[in-house]
Amino acid sequence: MISLLKKTLGKTIEAIELLAPKRASKISKELLEEILITSDMEYELVESLLEPLGEEVSQRELEVALHRFFRGESYYDRIAPKRIEARPCITLVMGVNGAGKTTTIAKLTSLYQREGKSVLLGAGDTFRAAAIEQLKLWAERLNAGIVYTQQGHDPSAVAYDTIISGVARKVDHVIIDTAGRLHNQTNLKNELIKIAKTCDKAFSGAPHQKLLVLDGTQGSSAIDQAKIFHETLGVDGIIITKLDGTSKGGALFSIMQRLRVPILYIGVGERAEDLIPFSEEEYVKTLLG
Ligand code: GDP
């Protein structure tokens, strides 16, 4: 876990290590500010993080400041991930096209399967034929069930049929894909609201979790996307993808602070196994080298 994250945030860590090779040595606030901004942490956030520190900052002082940021603001105290008892547990997965939504659904499927759970997928992105085909391929590869229709059909109907089928088959998890054409925001928002209502009709209380997939290489634009999805439907958990190929991990801080939604997993590759649980402790440690 640490080594994977280290790779992810490699440049930031290298820079910190270069400038402060020993734990006892200090780094100037100005340089630290530059490093954190380069790692894509928002300027205002860097300022408020560094504000209480002196002109020369030791690794220890920075570590305390970062932990205070998470803990002092009671990030995880107040926004703990939801515990879900429902069976099937019905998950709606949202995110803009290209964020890694389909791959993440496959990763979640694989994760649940490794926990001994059964999974049924719903190909709810009926807007793109490629999305349906891609999800079918993953279902085949992972030996998971899938409910789908033709391109252009009503995504709510797919969600409904998937849930009814999941209940009948007594599966543990139902994961429903959704469209991600954010350039047509009003339509997408209405569609998502309708899908969520339909889930509740098919199985009272569903969807039990609404997950948002964000591209970790997008930095601050991911935060704007997150706001839109959060305002539309409410987001219970975030999954950040593509953290194997970027040093822009600082955006994670902004997402946590702005939305107050837990980051549940991070994607670190293109394979079904490349999903790891997000740990704030590990993240802070990694950022500090
Ligand atoms: P969607 O349009 O949101 O469904 O996105 P896809 O799941 O099709 O992913 C878009 C591209 O990103 C594909 O080439 C994926 O293989 C790739 N991808 C997804 N997640 C990750 C990740 O965590 N790391 C890397 N390196 N690539 C990823």
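How many disulfides does the count come to? The count comes to zero, where a disulfide is taken as a pair of cysteine sulfur atoms within 2.5 Å.

## Basis of the model

This is a predicted model, in which local features need pLDDT of at least 70 and side-chain atom pairs count only at pLDDT 80 or more, while totals for chains, interfaces and linings use all residues. Residues are numbered from 1 along each chain as its sequence is written, and side-chain values use heavy atoms, with hydrogens and water left out.

## Cysteines

The sulfur of Cys89 has its closest cysteine sulfur in Cys199, at 11 Å, which is too far for a bond. Cys89 is buried, with a relative accessible area of 5%, where buried means under 20% (1.4 Å probe, protein chains only).

Cys199 is likewise buried, at 0% relative accessible area, and belongs to helix 10, residues 185–202; helices are DSSP runs of H or I with at least four residues, strands are runs of E with at least two, and both are numbered from the N terminus. The C-alpha atom of Cys199 is separated by 12 Å from that of Val167, the two residues being 32 apart along the chain.

## A negative surface patch

Glu30, Glu34, Glu55 and Glu56 form a negative surface patch, a term that for charges joins residues of like charge within 9 Å, provided that they have over 30% relative accessible area and no salt bridge (a side-chain nitrogen of Lys or Arg within 4 Å of a carboxyl oxygen of Asp or Glu). Within this patch, Glu55 sits in the loop between helix 4 (43–50) and strand 2 (56–58), and Glu55 counts as exposed because its relative accessibility is 60%, exposed being over 50%.

Note on methods: Patch = residues over 30% accessible without salt bridge, like charges linked within 9 Å, V, L, I, M, F, W, Y side chains within 5 Å. Areas by Shrake-Rupley, 256 points an atom, 1.4 Å probe, with all protein chains shown as cover. Lys, Arg positive; Asp, Glu negative; His and termini not counted. Charge placed at Lys NZ, Arg CZ, Asp CG, Glu CD.
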